[in-house]
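User: I would like to go through this model with you, starting with a side-chain contact and then moving to the ligand.

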Amino acid sequence: MPALTLTLTDEAATARLGARLAAVLGPGDLVLLFGDLGAGKTTLARAVIEALTGEADAPSPTYTLVQVYDANAGWPLAHADLYRLDDEAELDELGLDEILEDGAALVEWPGHAPNWRPASRLEVRLTGGADEPRIAVLEGFETWEDRLDRLAG
Ligand code: ADP
Ligand code: MG
């Protein structure tokens with residue numbers, strides 16, 4: 001599987017990755033954001049949302065589990081956080097598969113729904129924290145394989 005490793009030296013670098021991601025994102029695209037608390041998942045998702053919708057400071061969907069935005073191009077963009085998903089069977093109720101029929105989705109804590117892995121997806125693994133360098137490892141599956149090089153800094 002093609003993979004790309006990036007060092008994100010500061011929050012602005014994470015935001016720039018989000019902007020590059022937004023530039024290649026379209027209907028049908030799923031981005032899974034793995035990483036511990038504080039790794040930068042919401043920061044990255046927010047940058048994508050701002051680039052695609054103009055909405056700055058998107059709220060974290062910690063409690064709502066999913067927030068849906070309208071991308072300027074006219075398709076829905078979902079931002080989900082599965083941390084509080086009690087049972088993977090409840091994933092259906094969030095409507096992510098429906099959104100992916102004509103829109104895109106950014107999903108935090110995908111480890112809470114380990115069996116939901118649509119074939120075409122970008123997996124982003126964020127590591128590091130306050131005193132460690134932030135690293136992003138991006139792995140592209142199916143339609144994402146050819147786009148990975150456009151995500152390099
Ligand atoms: P998560 O959603 O993974 O829990 P957040 O996106 O809320 O994490 O980020 C946690 C903190 O890390 C925020 O204060 C954010 O500003 C900061 N942050 C994000 N990316 C970086 C980075 N590349 N370098 C340093 N700090 C960062
Ligand atoms: Mg978060």
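User: Which side chain does the side chain of E123 make a polar contact with?
Analyst: This is a predicted model. In it, the side chain of E123 makes a polar contact with the side chain of R121, at 2.7 Å.

User: And where is E123 placed?
Analyst: E123 belongs to strand β6, which covers residues 121-129.

User: Is E123 buried or exposed?
Analyst: E123 has a relative accessible area of 5%. Buried means under 20%, so E123 is buried.

User: Now the ligand. How many residues surround ligand 1?
Analyst: The shell around ligand 1 consists of 14 residues. The closest are E11, T14, G38, K41 and T43.

User: How do the shell residues divide into nonpolar, polar and charged?
Analyst: Six of the residues in the shell around ligand 1 are charged, five are polar and three are nonpolar.

User: Which helices each supply at least two residues of that shell?
Analyst: They are α1, residues 11-24, and α2, residues 41-53. The largest share comes from α2, with three residues.

User: What lies 2.6 Å from an oxygen atom of ligand 1?
Analyst: That is a polar side-chain atom of T43. The backbone also takes part in such pairs: a polar backbone atom of G38 is 2.7 Å from an oxygen atom of ligand 1, and a backbone N or O atom of L8 is 3.2 Å from a nitrogen atom of the ligand.

User: How much of the accessible area of ligand 1 does the protein cover?
Analyst: On its own, ligand 1 has 570 Å² of accessible area, and the protein covers 72% of this.

User: Which pocket does ligand 1 sit in?
Analyst: Ligand 1 sits in the second largest pocket.

User: Back to K41 for a moment. Where is its place, and is K41 buried or exposed?
Analyst: K41 is part of helix α2. With a relative accessibility of 4%, K41 counts as buried.

User: Changing topic to backbone angles: which residue has a positive phi of about 70° although it is not a glycine?
Analyst: That residue is L65. L65 is found in the loop between α2 and β3, the latter being residues 66-70. Its relative accessible area is 13%, so L65 is buried. E142 has a positive phi as well, of about 50°, and is not a glycine either. E142 lies in the segment after β7, residues 132-141.

User: Where is W116, and is W116 buried or exposed?
Analyst: W116 is located in the loop between β5, residues 104-108, and β6. W116 is buried, at 8% relative accessible area.

User: How many residues apart are W116 and H79 in sequence?
Analyst: W116 and H79 are 37 residues apart in sequence, and their C-alpha atoms are 16 Å apart in space.

User: Last one: which strand does A80 lie in, and what is its relative accessibility?
Analyst: A80 lies in strand β4, residues 76-81. Its relative accessibility is 0%, so A80 counts as buried.

Conventions: Residues numbered from 1 in each chain as written. Chains lettered and ligands numbered in written order. Predicted model: local features only at pLDDT ≥ 70, side-chain atom pairs only at ≥ 80, totals over all residues. Heavy atoms only, no water. Near = heavy atom within 4 Å. Polar contact = N/O pair within 3.5 Å; in protein donor to acceptor, adjacent residues only side chain to side chain. Areas by Shrake-Rupley, 256 points an atom, 1.4 Å probe, with all protein chains shown as cover. 1 Å grid on protein atoms, 1.4 Å probe; cavity = no way out; pocket = protein on both sides within 12 Å on 5 of 7 lines; lining within 4 Å. Sits in = over half its atoms within 2 Å of the grid points. Helix = DSSP H or I, 4+ residues; strand = E, 2+ residues; numbered from the N terminus. Nonpolar A, V, L, I, M, F, W, Y, C, P; charged D, E, K, R; others polar. Buried < 20%, exposed > 50% of the residue type's maximum accessible area, 1.4 Å probe, protein only.
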